[in-house]
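Subject: Two-chain model, handover and notes

Hello,

Here is the structure for your files. My notes on what was found in it follow below.

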2 protein chains.
Amino acid sequence: MQMEQRFRAAFINSLSGFKSINLLGSKNLQNQSNLAIFNSVMHIGANPPLMGIIVRPDSVERHSYENICETGFYTLNHIHKNIYRQAHQSAARYPRDISEFNACGLTEEYKAEFFAPFVKESNLQIALQLKETIKVQSNNTILLIGEIQHIFLPATAVQKDGFIDLECIGSLAGSGLDAYHQTNKLARLSYAKPNQEPQNIE
Amino acid sequence: MQMEQRFRAAFINSLSGFKSINLLGSKNLQNQSNLAIFNSVMHIGANPPLMGIIVRPDSVERHSYENICETGFYTLNHIHKNIYRQAHQSAARYPRDISEFNACGLTEEYKAEFFAPFVKESNLQIALQLKETIKVQSNNTILLIGEIQHIFLPATAVQKDGFIDLECIGSLAGSGLDAYHQTNKLARLSYAKPNQEPQNIE
């Protein structure tokens, strides 16, 4: 509790381990688009297909949050090596009437008659519709639950059992507040059963 | 919605991107210890220092959930290359009276007068006290919010601005349901400001 505020933020943000990093695309009813990087995207469930994000409405994330509440639609887009610097830049505090797509050098893409913009440069794009808004009382953050409406990715990245090879599409991992990492697969391991050592899945 | 169930689980679980992987240590009031691997640990906030996990009470995670509800205490422990196969094995459905520590070949460690067991082999150990239990109505999963009580890690892994070098302590990333990855840092980037390109932090 005696840590200096920025030290503390960097330290505590590192503790959970590696994180997903995604660009969240949204638009308000006046067609003003917004793009923001999130490192809090999580799997919630497969059936129905649900994903969650943690938002801090008093931060730079508030434009994304307002657009999602206003319209119900948003996209999540994986980040690869060639766009991570642009993605990081989307965290800057741009005024409401500036689109981070333009400011950061990324391209809005509209398809599948979906309201919110995808990031054209991304290799894995997900369209979501807001299903549930949950307040975390302990610190007034909000968990948004969205249901997957569309998924776009290269068919070659999907293995025959459904596993998506994220290294094949170049998705990066994050750590702390500002670190970006490539990954190198050690193994996939077979379904764990008592008294049976897990085997590598080839 | 027409995907076969296991294909669907592997596919949807891959979509959020890379995940943290942690071993959750707990104990019931009869001193029966439990260990389970979680890939849903997330940062919730730095002040107060809060972490979240998603649990599915109808799954193998129920023993951890019951112990946390019964006692209020649990630990999270990072996973490195030398223990990831043991960590994966903790997901097997062992009976209630078998400790996964013994069954998987990992060591219970008790310190700092904390009730729940740490994983001795882990390089980053966190002690948590349950603060809040939040139900996700959309699919009956539960978000548990815990407040950090103790943190154990090598001092050399903490950089002068508070950032923890997870590669220095060998923490792994996960993807999908069963993949384990080492990481390779591309860069840390400076705090994003409008009209200023992010610089590498050395």
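**The β2-β3 hairpin of chain A**

In chain A, β2(A) and β3(A) form a hairpin with five residues between them, and A:Asn31 in that turn has a positive phi of about 65 degrees. Please keep in mind that this is a predicted model. One of the bridge pairs sets A:Lys27 against A:Ser33 in β3(A).

β2(A) also pairs with β6 (residues 73-78) of chain A, again in the antiparallel sense, over four bridges. There, A:Asn22 stands opposite A:His78 of β6(A).

Are the residues of β2(A) buried or exposed? A:Asn22, A:Leu24 and A:Ser26 point one way from the strand, while A:Leu23, A:Gly25 and A:Lys27 point the other way, and all are buried. Because six of the six residues of β2 (residues 22-27) of chain A are buried, the strand is largely enclosed by the rest of the structure. The cut-off behind "buried" is 20 or more other C-beta atoms within 10 Å of the residue's own.

**Chain A as a whole**

Chain A has four helices and 13 strands. Its C-alpha atoms fill a box of roughly 55 × 50 × 35 Å along the principal axes. A compact globule of 202 residues would have a radius of gyration near 17 Å, and the 18 Å of chain A agrees with that. Of the 202 residues of chain A, 51% count as buried. Among contacts in chain A with a separation of 6 or more, 59% come from residues 24 or more positions apart.

In what order do the strands of the open sheet of chain B lie? The sheet has seven strands, with the order β3-β2-β6-β9-β10-β5-β4 and antiparallel pairing. Its edge strands are β3 (33-38) and β4 (42-46) of chain B, each of which pairs on one side only. On average, neighbouring strands of this sheet are turned by 35 degrees against each other, direction ignored.

At the β3 end of that order, β2 (residues 22-27) of chain B and β3(B) run antiparallel and are joined by six bridges. B:Ser26 has B:Asn34 of β3(B) as its bridge partner.

Helix α2 (residues 62-71) of chain B lies across β2, β3, β5, β6 (73-78), β9 (125-136) and β10 (141-152) of chain B. The helix runs at about 50 degrees to β2(B).

**How the two chains are related**

Chain B is superposed on chain A by a rotation of 180 degrees with 0.0 Å of shift along the axis, at an RMSD of 0.0 Å. That is the relation of a two-fold axis. In chain B, the C-alpha nearest the axis belongs to B:Thr183, 2.1 Å from it. Both copies use the same surface: 100% of the contact residues of chain B recur in chain A.

**The interface**

How many residues of each chain are in contact with the other? 79 residues of chain B are in contact with 79 residues of chain A. On the side of chain B that touches chain A, strand β12 (residues 179-189) of chain B gives the most, with eleven residues. The residues of that side divide into 41 nonpolar, 25 polar and 13 charged.

Strand pairing also crosses between the chains. β12 (residues 179-189) of chain A and β12(B) run antiparallel and are joined by nine bridges. In one of these pairs, A:Tyr180 has B:Ala187 of β12(B) as its bridge partner.

Helix α1 (residues 5-14) of chain A lies across β4 and β5 (49-55) of chain B, running at about 160 degrees to β4(B). In α1(A), A:Ala9, A:Ala10, A:Phe11, A:Ile12, A:Asn13 and A:Ser14 are buried. Their cover includes β4 and β5 of chain B, together with β11 (173-175) of chain A.

For α1 (residues 5-14) of chain B, the buried residues include B:Ala9, B:Phe11 and B:Ile12. What covers the buried residues of α1(B) includes β4 (42-46) and β5 (49-55) of chain A and β11 (173-175) of chain B.

Regards

Notes. Residues numbered from 1 in each chain as written. Chains lettered and ligands numbered in written order. Predicted model: local features only at pLDDT ≥ 70, side-chain atom pairs only at ≥ 80, totals over all residues. Buried ≥ 20, exposed ≤ 12 C-beta atoms within 10 Å, placed from the backbone. Helix = DSSP H or I, 4+ residues; strand = E, 2+ residues; numbered from the N terminus. Pairing = 2+ DSSP bridges. Contact = placed C-beta atoms within 7 Å. Axes fitted to C-alpha atoms, helices over the stretch in contact; angles between N-to-C directions. Least-squares fit on C-alpha atoms with pLDDT ≥ 70 in both. Nonpolar A, V, L, I, M, F, W, Y, C, P; charged D, E, K, R; others polar. Rg over C-alpha atoms; globule rule 2.2 N^0.38 Å.
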